[in-house]
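Student: I have a model open and would like to learn how to read it. Could we go through it feature by feature?

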Amino acid sequence: MERRVFGVETEFGITHRGVAVDGAPRPGLAPDETARYLFRPVVEWGRSSNVFIPNGSRLYLDVGSHPEYATAECSDIEELIAADRAGERIMDDLARRAEEAMAADGIDGTIYLLKNNVDSQGNSYGSHENYLIPRTTHFRRLSTVLLPFLVTRQILCGAGHLVTEQEEAGRELGPHYAFSQRADHMWEGVSSATTRARPIINTRDEPHADASAHRRLHVIVGDSNMSETTQLLRYGTTDLVLRMIESGVPLGDYELQNPIRAIREISHDLTGTATVLTRDGEEMTAVDIQAGLLDRARRFVSEEGAHHGHLEQVLQLWERTLQAVASGDHSNIDTEIDWAIKKRLIDEVAARGSLALDDPRLGQIDMAYHDIRPERGLHHVLVRKGRAATLLGQEQIDQAVLLPPATTRAALRGHFLSTARAFGAGHSVDWVHHKLVDRPLEAIMLKDPFETAAERVETLLDTLGDRRAVVRELSAEERLDQPVPPALSERYLVTGGTVPPPPVI
Ligand SMILES: Nc1ncnc2c1ncn2[C@@H]1O[C@H](COP(=O)(O)OP(=O)(O)OP(=O)(O)O)[C@@H](O)[C@H]1O
Ligand SMILES: [Mg+2]
């Protein structure tokens, strides 16, 4: 497919800790109560804990206690990473406000939002990727090529995990460092369930697009990444493998006999030498499978040409990461790949303090790496020290907090909801639908995720009043001055002119 739509959903871990008294930490609020404080400004803003916001994304608090941010539809990987990083910023801002609101209610303490995938009780929460693919893509090829790719992709873009207890039945492993947090929590290869069975690829058929032409591939196996370069590798390689599948190039058959056993064994073997069995009975390592696909990808790119500006970086980082795993020398990737960045830090602290791998202080580092608060989160600290690479400028992330990507229908969603709000008009939107409450019969469906200008949308918004005369777009400074979280600030201002009377019903 020439252009692809990407989106990523992140569920955050949330903890509240009370102020320590005489050095002893006091328990804080329960996660669900903390999450309710977190979402208070969201609910005040949108009368719901499930809202689409001006940057086109969705903020969502399910009955559980893992607040979720789903990026708007993005049409390139850099845009996607910016949208994802904006989500961290938005959640952190909500956490700061929640701490203030709690303090005003006499509840002191600190909120920790972690962009990781397991909490201290061993519960897992997700980082789900969405890729628009043509409906014609053979599902069979998804399981013969995409599934083995995803099972082994963790050696490239796992977030790293310090495992202190044996998590895998039947194998005696002492405390050790694994590639992935999520691998131990996957239960099926390809299926339509999400929470209970946790398949690697979810086939639930909700394309949020023209169903006769497209599918939305829902990948729920990935670890949440802190590193922008790791994200580049994660989405960049997956997009390339999908492109090769879509183009019908022969990719070999790596279909695995037991993908779920394989994903765990690979995660727990940092040497990259654990072998997995293909359906044909061949023994292969994760590095073998990834190297085979990288080789095909290089040939594919040299024949087809690069389809985005970061492609060479993706290929080089892919190769370097495989070399690092195969050689055991991670020094060539330990500023770019999450598992290696974090491992280096853990190894250093362990060596300095002569700590055993199951020392709880190291477990704390494993968690704190994912803390999204810039002053405190260890990934942020490493970036400031030059020990973790970045890809984006701050201004790209700032902009993604306030505005939707300009290249997909998210631009129209953001424009629609911000205009309706400026006029105080009841409205509802989702990925596809746009409705003014007073004009339900004129609801608009945008099934083409690449549609960025639609006369229909403007015509419907024109019923709100003479917009050209009365609506002004606020600058970023003006939006940041508003007393609400920046992501929820009003984008447009009605400055005068004639606002039409309410419609006669
Ligand atoms: N046509 C599309 N193709 C690919 N991705 C899409 C498309 N439309 C929307 N998306 C992306 O898919 C994600 C949908 O997130 P959302 O959490 O709402 O969906 P879901 O996972 O299906 O629902 P839920 O979380 O309620 O189970 C978003 O990141 C969005 O940008
Ligand atoms: Mg979701």
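Tutor: Start with tyrosine 60. Beyond its neighbours within four places in sequence, tyrosine 60 is in contact with Asn50, Glu68 and Ala70. Contact here means that the C-beta atoms, placed from the backbone, lie within 7 Å. This is a predicted model: local features need pLDDT of at least 70, side-chain atom pairs count only at pLDDT 80 or more, and totals for chains, interfaces and linings use all residues. Residues are numbered from 1 along each chain as its sequence is written, while chains are lettered from A and ligands numbered from 1 in the order in which they are written.

Student: Where is tyrosine 60 found? Is tyrosine 60 buried, exposed or partly exposed?

Tutor: Tyrosine 60 is found in strand β4. Strands (E, at least two residues) and helices (H or I, at least four) are DSSP runs, numbered from the N terminus. For burial, count the other C-beta atoms within 10 Å of the residue's own, again placed from the backbone: 20 or more is buried, 12 or fewer exposed, in between partly exposed. Tyrosine 60 has 19, so it is partly exposed.

Student: What about glutamate 68: buried or exposed?

Tutor: Buried, because 20 other C-beta atoms lie within 10 Å of glutamate 68. Glutamate 68 lies in strand β5. Leaving aside neighbours within four places in sequence, its contacts are Glu9, Thr10, Glu11, Tyr60 and Asp62.

Student: Which annotation covers Glu9, Tyr60 and Glu68?

Tutor: UniProt, in an unreviewed entry, gives them the annotation "binding site". They span 60 residues in sequence, yet no two of their C-alpha atoms are more than 10.1 Å apart, so they gather at one spot. Read such records with care: positions follow the numbering used here, feature names are shortened, and annotations may be inferred rather than shown by experiment.

Student: Where else does UniProt place the feature "binding site"?

Tutor: At Arg58, Thr71 and Trp431, also from an unreviewed entry. These are spread over 374 residues of sequence, but they cluster in space, with a largest C-alpha distance of 10.8 Å.

Student: How many residues surround ligand 1?

Tutor: For a shell, take residues whose C-beta atom, placed from the backbone, lies within 6 Å of the molecule. Ligand 1 has 20, and the closest are Gly7, Ala70, Asn130, Leu132 and His208. β1 (6-11) and β7 (127-134) each supply at least two of the shell residues. β7 gives the largest share, four residues. By type, the shell divides into ten nonpolar, five polar and five charged. Nonpolar covers Ala, Val, Leu, Ile, Met, Phe, Trp, Tyr, Cys and Pro; charged covers Asp, Glu, Lys and Arg; the others, Gly among them, are polar.

Student: Which strands pair with β12?

Tutor: Two strands pair if DSSP finds at least two bridges between them. β7 and β12 run antiparallel, joined by six bridges. Tyrosine 131 stands opposite leucine 217 in β12 there. β11 and β12 (residues 214-219) are also antiparallel, over two bridges. Here asparagine 202 has histidine 218 as its bridge partner in β12. β11 (residues 199-202) also pairs with β10 (residues 188-191), in the parallel sense over three bridges. In that pair, serine 191 stands opposite asparagine 202.

Student: How many residues of β12 are buried?

Tutor: Six of its six. His214, Arg216 and His218 point one way, and Arg215, Leu217 and Val219 the other way.

Student: Which residues are buried in helix α1?

Tutor: In α1 (residues 31-38), they are Thr34, Ala35, Tyr37 and Leu38. To judge the face, take the arc of the directions from the helix axis to the C-beta atoms. The buried residues of α1 fall within an arc of 155°, so they line one face of the helix. They pack against β2 (13-17), α2 (40-46), α3 and β6 (110-114).

How values were computed: Two residues are in contact if their C-beta atoms, placed from the backbone, lie within 7 Å.
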